[in-house]
Structures are given as structure tokens and as C-alpha cells.
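Dear colleague,

My findings follow directly after it.

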Amino acid sequence: MSAMLSVRDLAKTYAPGKSQPAAVAGVSLEIAEGNFHTLLGPSGCGKTTTLRCIAGLERPDFGTISIGGETVSDAKRGIHVPTHKRSIGMVFQSYAIWPHLDVLGNVAFPLLVCRNRPPRSVIRSRVGETLALVGMEGFERRPATDLSGGQQQRVALARALVREPKLLLLDEPLSNLDAKLRERMRDELRELVSRVGVTTLYVTHDQTEALAMSDRIAVMAAGRIVQEDAPRPIYLSPADPFVASFLGAANIIPARLARNAHGVELPDGACLPLDLPPGLASQQPGRPVRLIFRPEDTRLDRARPQRGVSLVGRVERSSFLGSRVEYRIRVFDTILRAYTDPSEVIPEGTPVWLTIAQRRALVFPEDSSS
Ligand code: ADP
Ligand code: MG
């Protein structure tokens, strides 16, 4: 099946000639029809710029973009199809609902400005159907200023979907909502998009949103995609320490390749047996590496456990969070994080042994990004 969205070698610099680095520095991306694809990365990594290039709101310096098989942007050939002629719907972080219009005026707008403007009766029924789709049937005459945060979001979504675009672009649409509503709208949005079946590119800096909603996630850093995969493999097999730390919490400790090539030597000299990635297994013993493991892949004991490789430390802080207890444990010269179930809270100051779940630990070369 051919891709609904295909982006090749996209690059965009806002101030050419200045020392400012490129906002997007060579992004390639494909989304299969009907898929929900997420760009995940920290603020400033180029997510919005990528989306705006796809929407035609920015002119790329380099690369090509095609939507539904049609080339809408090709920097080298000077092709730049204007936004209103691209088969896209877009929801911005701010929603950009027009306060001087009612719901009908807002949702009908894309139909009023499109090339083949449909007759008034068709517009009315199309808006009605789309409002029903987002659960806002009968809200046509409601002034935009009388909408709750959740309702504004649905109106923005209805406006993005009213022309039945091939591609839906969503830029952090949940970030202005409070935590409870955000969770509800996340599920609602995902369910709606599945029901409509529209191919979606979603942008967020929130790893939980990305994991919960996406068919595939592209993790971005400094204008590039550093890893792209389904949520599970991204979380369980991050490509580098940056991805490991960005998707959830990660403990990082310095270590060395063990002499027997079957694991790593920890700072206290203990050997942690591990399956090393192929690139590292053949390297010199003693080579510095970074050992990474997540707080949920640990066990805490008050006495030295019989089995496994344990690091001895001291509880510096414990935080009871209801569903779990989070610990900060001083081990060597660093603080490691560990979670336990909430049935027991180990008091601060207590000496503990931290056992690493070996099968979930990861090893990276020392010079990999973080
Ligand atoms: P994100 O959406 O991931 O937070 P952006 O795409 O908004 O990132 O920004 C990427 C980089 O481009 C940032 O360094 C940002 O400061 C810069 N940038 C974004 N928009 C503009 C603009 N209109 N003019 C100049 N620089 C911009
Ligand atoms: Mg942004």
C-alpha cells in the first residue's frame, strides 16, 4: 500500500545565513493510509515546523512532500501547492476558534473558502453531520465564546474534518486542557479518529500521550528523527540514551565492558551479566559504556538478596504516589530511581539493595547521545 503522507529529506531554516541552526534538518517520514502517527520530542525540536511545512504554511528549503500520491511541495522543482488546495485538516495548539462567529460559522469556514464552494444547503447538512461526529449535534447557533475547553476542541476538530481531508494534522491539541479533561479528550480524540478512519499526524511533547495514542512514533531531537517505531519497541528498545530518557524515566550509570564479553562491570567492580548488542559484544573489554535501566525494572530489599546483581545504597527520598512509591536512592556517586508497589514504604535513610532486572537493562557506547 502506498503512503498517504510521504516526506523526504525535509529541511527548513528560518534565518538563513544567521548562526541559528536549521529548525528541521532532514526529516523523512511515511504514514500509511488510516494510521495514527506521532512526532514526539522536546520543545523546539522542530515538530511544529515540520507540520507547518506539510500544511503549506511554511516553504521548505529542501525536500519533497506528497499527500495521497500528489506532490504538494518540491523545493528543487519550485512546487508549492497553497494550503487551501492541500487535502488537509489542521488543529492548532490554540484551536484558533474565531470568537466573533458561532459554531456553524467556524465549522463551515473551510467549505466557504474552498475552490468548489458547495451550495448553502449542502454546507448546512455537511456541518450538521460533522458536528454529530464529534458529539456536538445541534450546537450550530452557539456563540464560540460560550464553549468549554473540551467543546472548543471538538469544534476545532469538526472544522478540520468538514472537508473530509486525506490527512489530519494535530499540533499539541490537548496541551491547554487540565489534566483530567486531557486524559478524557485523549481517549475521545483517538476513538473519533479511528471511527473516521482519517490518516493522522499528531504532534506532542508528552510521552504518555504518544504511547497511548499512536500506531507509530517518530522521536525528534534537534530537527531530526532519531528513532521511529511502534510504541512498545520504542519504549523497550530505545535507540540511544536520549530516547530512553525522553520516553519515561531512565537510570544511567557508567560501566565497562566485562572481561568475559558477557556483560558489564559496574563501578563497584561487580559484574552484571547481560546480552550485549552486537556492536558492543565484539569490542575491547574495559571499554567505557553506559548502563541504562528504568525505575520499574528494579527491586528493593532491606537485606542483601540471595540472587541477582544488587547495588547497595541508601534511601534518600521516598514519595508515596498512591499507585506506587518512588524512591531516590544514593548509589555510588549518583541518585538512582526505583519504584515499588505501595504496600510498603521504606523510610528515608534506610540502607537498601537495588537489584536490576537484567533482561530489561540496556547498554550503549559512552559517546552515544543523551
Ligand atoms: P517545536 O514545535 O518542536 O517546539 P518548532 O518547530 O516550533 O519546535 O521550532 C523549531 C525551532 O525553530 C526552534 O528553535 C524555534 O525557536 C525556531 N522557530 C520556530 N518558528 C520560528 C519562526 N517563525 N521564526 C524563527 N524561528 C522559529
Ligand atoms: Mg510546537
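This is a predicted model: local features need pLDDT of at least 70, side-chain atom pairs count only at pLDDT 80 or more; totals for chains, interfaces and linings use all residues.

An open sheet is built from five strands in the order S2-S1-S4-S5-S6, and its pairing is antiparallel. At its edges stand strand S2, residues 24-32, and strand S6, residues 79-80, each of which pairs on one side only. Helix H1, formed by residues 47-55, packs on this sheet and touches strand S1 (3-12) as well as S2 and S4. The direction of H1 makes about 120° with that of S1.

Within the sheet, strand S4 (residues 62-67) is joined to strand S5 (residues 70-74) by four bridges in the antiparallel sense. Two of the residue pairs can be followed individually: Ile65 stands opposite Ser73 of S5, and Ser66 has Thr71 of S5 as its bridge partner. The hairpin of S4 and S5 has two residues between the strands, and Gly68 in this hairpin adopts a positive phi near 60°.

S5 also pairs with S6, again in the antiparallel sense, over two bridges. Here Ser73 stands opposite His80 of S6. The hairpin of S5 and S6 has four residues between the strands, and a positive phi near 70° is found at Gly78.

The helix pair

How do the axes of helix H2 and helix H3 cross, and within what distance do they come? Helix H2 covers residues 103-112 and helix H3 covers residues 120-133; their axes come within 10 Å and cross at roughly 115°. The crossing of H2 and H3 is right-handed. On the side of H2, the contact is made by Val103, Leu104, Val107, Ala108, Leu111 and Leu112. H3 contributes Ile123, Arg124, Arg126, Val127 and Leu131. By class, the residues of this contact comprise nine nonpolar and two charged, with no polar ones.

The largest pocket has a volume of about 410 Å³. Its lining consists of 17 residues, and those nearest the centre of the pocket are Thr83, Ile88, Gly89, Met90 and Pro110. Strand S7 (88-91), H2 and helix H4 (149-161) are the elements that give two or more residues to this lining. S7 gives the most, with three residues. The lining of the largest pocket divides into eleven nonpolar, three polar and three charged residues.

The second largest pocket has a volume of about 250 Å³. Which residues line the second largest pocket? They are Ser237, Pro238, Pro273, Leu274, Asp275, Pro277, Gln358, Arg359, Ala361, Leu362, Val363 and Phe364. Strand S21, residues 362-365, supplies the largest share of this lining, namely three residues. Eight residues of the lining are nonpolar, two are polar and two are charged.

The cavities

How many cavities of 30 Å³ or more does the structure hold? There are two.

The largest cavity contains about 60 Å³ of space. Tyr235, Leu236, Pro238, Ile292, Phe293, Arg294, Asp297, Arg360 and Leu362 line this cavity. Helix H7 (231-236) and strand S15 (288-293) are the elements that give two or more residues to its lining. The lining of the largest cavity holds six nonpolar and three charged residues, and no polar ones. Pro238 and Leu362 are named in the lining of the largest cavity and also in that of the second largest pocket.

The second largest cavity holds about 30 Å³ of space. Its lining is made up of Leu257, Ala258, Ala261, Gly263, Leu276, Leu280, Ala281, Gln283, Gln284 and Pro285. Of these residues, seven are nonpolar and three are polar, while no charged residue takes part.

With kind regards

Note on methods. Residues are numbered from 1 along each chain as its sequence is written. Chains are lettered from A and ligands numbered from 1 in the order in which they are written. Side-chain values use heavy atoms; hydrogens and water are left out. Two strands pair if DSSP finds at least two bridges between them. Contact means heavy atoms within 4.5 Å. Axes are lines fitted to C-alpha atoms, for helices over the stretch in contact, and angles run from 0 to 180 degrees between N-to-C directions. A crossing is left-handed if the near helix is turned anticlockwise from the far one by less than a right angle, and right-handed if clockwise. Ala, Val, Leu, Ile, Met, Phe, Trp, Tyr, Cys and Pro count as nonpolar, Asp, Glu, Lys and Arg as charged, and the others, Gly among them, as polar. On a 1 Å grid over the protein atoms alone, a cavity is a set of points where a 1.4 Å probe fits but cannot get out, and a pocket is an open set with protein on both sides within 12 Å along at least five of seven lines; lining residues have an atom within 4 Å of a point. Grid points are joined across faces, edges and corners, and a volume is the space filled by probe spheres set on the points.
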